[in-house]
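This report walks through one protein model.

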Amino acid sequence: MIELNLDNLNELIESHSNVVVQYGAAWCGNCRIIKPKFKNLAETHKDVTFVYVDAEKFPGARELANVTNLPTFAAFKNGKLINQKQGNKVELVKELVNEVTGN
């Protein structure tokens, strides 16, 4: 899992074919609850690039998926947003992983 340290999410999305992004914030309890599960999925799905974005530090990254609530998960395939889901259920993230991998 990549934790964004620079406002370069667009570059990451453009340079990887399958990307799932978690938008969160330090103050967001639901974001903190789901983050370890998101990290575990990253370890088991090597064909997908998992990225965590602190939406407060990098508000420009929010615009790539029109994020209005946290946590939000967004799936990008070949540089294009294909879907997004809001909530703290790991099943939502698994659905996005399946969408980008075609499973």
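Helices here are DSSP runs of H or I with at least four residues, strands are runs of E with at least two, and both are numbered from the N terminus. The model is a predicted one. Its secondary structure amounts to 4 helices and 5 strands. In sequence order they follow the pattern β-α-β-α-β-α-β-β-α. The radius of gyration is 12 Å, close to the 13 Å that the globule rule gives for 103 residues, so the protein is as compact as a globular protein of that length. The C-alpha trace spans about 35 × 25 × 20 Å along its principal axes.

Two further values describe the packing. Of the 103 residues, 45% count as buried. Take the contacts between residues at least 6 apart in sequence: 63% of them join residues at least 24 apart.

**Helix α2**

Helix α2 covers residues 29-44. Its buried residues are C31, I34, F38, L41 and A42. What lies over them? The cover of the buried residues of α2 includes β2 (18-24), β3, β4 and α4 (90-101). The helix is not straight throughout: α2 bends by about 30 degrees at K35. A proline, P36, follows within four residues of the bend. K35 lies over the face of Y52, at 4.1 Å from the ring centre.

**The aromatic cluster**

Which residues make up the aromatic cluster? F38, F50 and F73 form one such cluster. The count of aromatic pairs is 2. A pair of aromatic rings is described by the distance of the centres and the angle of the planes. The table gives both values for each pair.

| Pair | Centre to centre | Angle between planes | Geometry |
|---|---|---|---|
| F38 and F50 | 5.2 Å | 75 degrees | edge-to-face |
| F38 and F73 | 5.7 Å | 40 degrees | tilted |

Why is the pair of F38 and F73 tilted? Planes under 30 degrees apart count as stacked and those over 60 as edge-to-face, with the rest tilted. The planes of F38 and F73 are at 40 degrees, so this pair is tilted. At 75 degrees, the pair of F38 and F50 is edge-to-face.

Both pairs reach across the chain. F38 sits in helix α2, while F50 sits in strand β3 (residues 49-54), 12 residues apart. F73 lies in strand β4 (residues 72-77), so its pair with F38 ties together parts that are 35 residues apart in sequence.

F50 is buried at 2%. F73 is buried at 0%. The cut-off for buried is under 20% relative accessible area.

**The disulfide**

How many disulfides does a search of the whole structure find? The search finds 1. The disulfide joins C28 to C31, with S to S at 2.3 Å. The link is right-handed, with 75 degrees about the S-S bond. C28 is buried, with a relative accessible area of 5%. C31 is buried too, at 1%. C31 is also one of the buried residues of α2.

T49 lies in strand β3. T49 has a relative accessible area of 15%. Buried means under 20%, so T49 counts as buried. Which residues does T49 touch, not counting those up to four places away in sequence? They are I2, H16, N18, V19 and V20. Strand β2 (18-24) was named above as part of the cover of α2.

T72 lies in strand β4. T72 counts as buried, at 0% relative accessibility. Its contacts, leaving aside neighbours within four places in sequence, are V21, Q22, Y23, V67, Q84, K85 and Q86. T72 and G24 are 48 residues apart in sequence. In space they are 7.1 Å apart, C-alpha to C-alpha.

**In brief**

F38 belongs to the buried residues of α2. F38 also forms one aromatic cluster with F50 and F73. F50 is in strand β3, and F73 is in strand β4. Strands β3 and β4 are included in what covers the buried residues of α2.

Note on methods. Residues numbered from 1 in each chain as written. Predicted model: local features only at pLDDT ≥ 70, side-chain atom pairs only at ≥ 80, totals over all residues. Heavy atoms only, no water. Phe/Tyr/Trp six-rings, centres within 6.5 Å; stacked < 30°, edge-to-face > 60°. Buried < 20%, exposed > 50% of the residue type's maximum accessible area, 1.4 Å probe, protein only. Lys NZ or Arg CZ within 6 Å of the ring centre and 35° of its normal. Disulfide = S-S within 2.5 Å. Bend = angle between axes of the 7 residues up to and from the residue. Contact = heavy atoms within 4.5 Å. Rg over C-alpha atoms; globule rule 2.2 N^0.38 Å.
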